[in-house]
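Dear colleague,

Please find below the structure that I am handing over to you.

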Amino acid sequence: MKKLLIAVLALAPMLGLAGYALAQPRPQVPNKPGVPLARDLQAKMPKPQALFDWAYPMAPPNTGPRPDPDETFTAEGADPSLKFTRRQISDGFGPPDWFPKDHAPMPRIVSNGREPHVRACTLCHLTSGIGHAESAPVSGLPIKYFIRQIVAFRDGDRVNIRAPNMIEMAHDMTDKEMRDAANYYARIPRAQWKSVRVVETSRAPANSIFPSGKRMFEKGANTIPVDPMTIYEVAENYQVELRNPRVGFAAYVPSGSLAKGRVVSLGNKGAFRSCASCHGNDLRGREDVPRLAGRSPSYLVRQLADMKYGHRKGKALGDMKDIAPKLSDADIVNVAAYLASRNP
Ligand code: HEC
Ligand code: HEC
């Protein structure tokens with residue numbers, strides 16, 4: 001019996017069992033008193049404006065068969081000997097690092113999080129920080145800005161139906177953990193920042209939100225109309241489900257939105273200062289004001305709508321408090337499309 005076990009362990013990498021032990025249930029650290037749980041917060045979050053529903057993608061109830069948790073995968077482009085099971089890929093305290101050479105060493109809070117409440121940042125924001133349409137692109141953000149946002153989640157100044165996980169985690173993070181994470185993501189090389197490919201069009205390939213909360217292409221060649229108030233931000237392919245940090249989204253934005261969005265970004269013919277006057281040349285960020293260029297349009301719409309309708313608020317918001325209410329709902333869609341199309 002013992003001999004057999006040794007043989008299996010020796011063969012493990014070839015059998016695709018590498019890291020299997022990690023996937024075993026770990027001892028549970030009890031929840032900390034006073035930390036609100038994401039699942040309890042969810043029902044208390046403000047509903048999005050109906051018009052912007054699409055920018056707050058929520059997973060539909062999963063009615064299909066439960067996928068096999070032990071099926072193994074390798075991300076496209078990764079070392080072929082690197083295999084992770086479906087269960088490991090969604091391990092909140094140790095999701096896969098497919099491209100260790102793409103990035104600097106990760107602080108533990110980023111790669112593994114800390115029990116009980118802080119999940120690995122890479123679970124949702126990935127090792128490259130490009131994130132997914134339903135989370136946030138966080139690479140290249142100013143350190144002060146990054147930390148201010150975690151504090152804003154903790155203090156109730158950022159609420160929406162996509163925010164509960166961040167709110168729970170923010171309640172359990174130390175100042176050092178916030179700084180470590182901010183430093184890591186601020187230093188991701190610029191060449192890795194772009195998370196989205198913008199396509200201006202009146203029709204998009206048929207798509208829908210999958211159980212993972214990601215918008216995915218449907219099989220077949222059908223197309224659907226893109227109305228002037230909607231952006232379909234669709235995963236390029238199934239690799240996003242593996243948390244492949246090199247694969248992002250395609251954003252199908254309405255015809256004419258890029259030109260209109262450019263006018264908004266220049267100040268809407270004098271209605272307010274240009275976005276670049278604070279967000280930096282080419283909208284690439286400046287001092288503690290975050291970059292806007294090349295970021296997920298769903299994320300940008302969510303933020304601008306939340307600011308306009310009072311769900312992202314508080315001292316940290318600064319000058320955006322006056323600007324966001326001056327944007328019409330159409331301005332928000334158009335400017336997000338334009339910003340996403342710029343090179344970061
Ligand atoms: C379970 C998924 C999930 C995990 C894990 C996660 N985040 Fe987030 N994060 C989100 C979502 C979703 C948002 C956007 C919320 C919204 O729409 O307002 C976000 C937003 C942020 C933002 C705001 C970005 C901006 O431009 O303002 C920061 C900063 C951030 N996360 C940091 C972290 C850090 C640090 C960790 C790890 C300790 C982490 N996140 C782990 C889901 C996650
Ligand atoms: C007078 C300065 C100023 C101008 C002009 C300005 N912004 Fe901002 N913006 C800020 C600051 C400061 C923040 C950071 C707020 C915070 O810390 O929460 C911000 C944050 C944002 C965010 C949130 C980004 C994120 O990562 O969550 C978006 C989106 C945004 N601005 C869009 C715009 C757009 C679009 C325009 C032009 C129509 C614009 N801003 C013009 C100062 C400005």
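Residues are numbered from 1 along each chain as its sequence is written, and chains are lettered from A and ligands numbered from 1 in the order in which they are written.

Confidence. The protein has a mean pLDDT (the predictor's confidence in each residue, from 0 to 100) of 92, and 92% of its residues reach 70 or more. Residues 1-23 have a pLDDT below 50, and this stretch makes 16 contacts in the model beyond near neighbours in sequence; a contact requires two C-beta atoms, placed from the backbone, within 7 Å. Where pLDDT is low, the predicted coordinates should not be read in detail.

Domains. The protein divides into domain 1 (2-17 + 38-61 + 69-189) and domain 2 (192-341), with bounds that come from an automatic or database domain assignment. Their C-alpha centres lie 21 Å apart. At the interface, 48 residues of domain 1 are in contact with 42 residues of domain 2. On the domain 1 side, α6 gives the most, with 4 residues. That side has 30 nonpolar, 9 polar and 9 charged residues; Ala, Val, Leu, Ile, Met, Phe, Trp, Tyr, Cys and Pro count as nonpolar, Asp, Glu, Lys and Arg as charged, and the others, Gly among them, as polar. Helices (H or I, at least four residues) and strands (E, at least two) are DSSP runs, numbered from the N terminus.

Nonpolar cores. A core is a set of buried Ala, Val, Leu, Ile, Met, Phe, Trp, Tyr and Cys residues joined through C-beta atoms within 7 Å. A residue is buried if 20 or more other C-beta atoms, placed from the backbone, lie within 10 Å of its own, exposed if 12 or fewer, and partly exposed in between. The largest core has 67 residues, of which V301, L304, A336 and L339 touch the most other members. Helix α13 (residues 329-341) provides the largest share of this core, 8 residues, and at least three residues come from each of domain 1 and domain 2. Beyond its neighbours within four places in sequence, L339 is in contact with S265, L283, L292, A293, R295 and L300. A second, separate core of 7 residues includes A75, A78, F84 and L242.

Ligand shells. A residue is near a molecule if its C-beta atom, placed from the backbone, lies within 6 Å of it. Around ligand 1 there are 26 residues, with R119, C121, C124, A136 and A181 coming nearest. The elements giving two or more residues to this shell are α5, α6 (143-154) and α7 (164-171), and α5 provides the largest share, 4 residues. Around ligand 2 there are 22 residues, with R273, C275, C278, G318 and D319 coming nearest. Here α6, α9 (257-265), α10 (275-279), α11 (297-308) and α12 (320-323) each give two or more residues, and the largest share, 4 residues, is from α10. By class, the shell around ligand 1 has 15 nonpolar, 6 polar and 5 charged residues, and the shell around ligand 2 has 14 nonpolar, 5 polar and 3 charged residues.

G113. This glycine is in the loop between α4 (108-111) and α5 (121-125). G113 is buried because 25 other C-beta atoms lie within 10 Å. Not counting residues up to four places away in sequence, G113 touches G92, F93, V118, R119 and A120.

Yours sincerely

Notes
This is a predicted model: local features need pLDDT of at least 70, side-chain atom pairs count only at pLDDT 80 or more; totals for chains, interfaces and linings use all residues.
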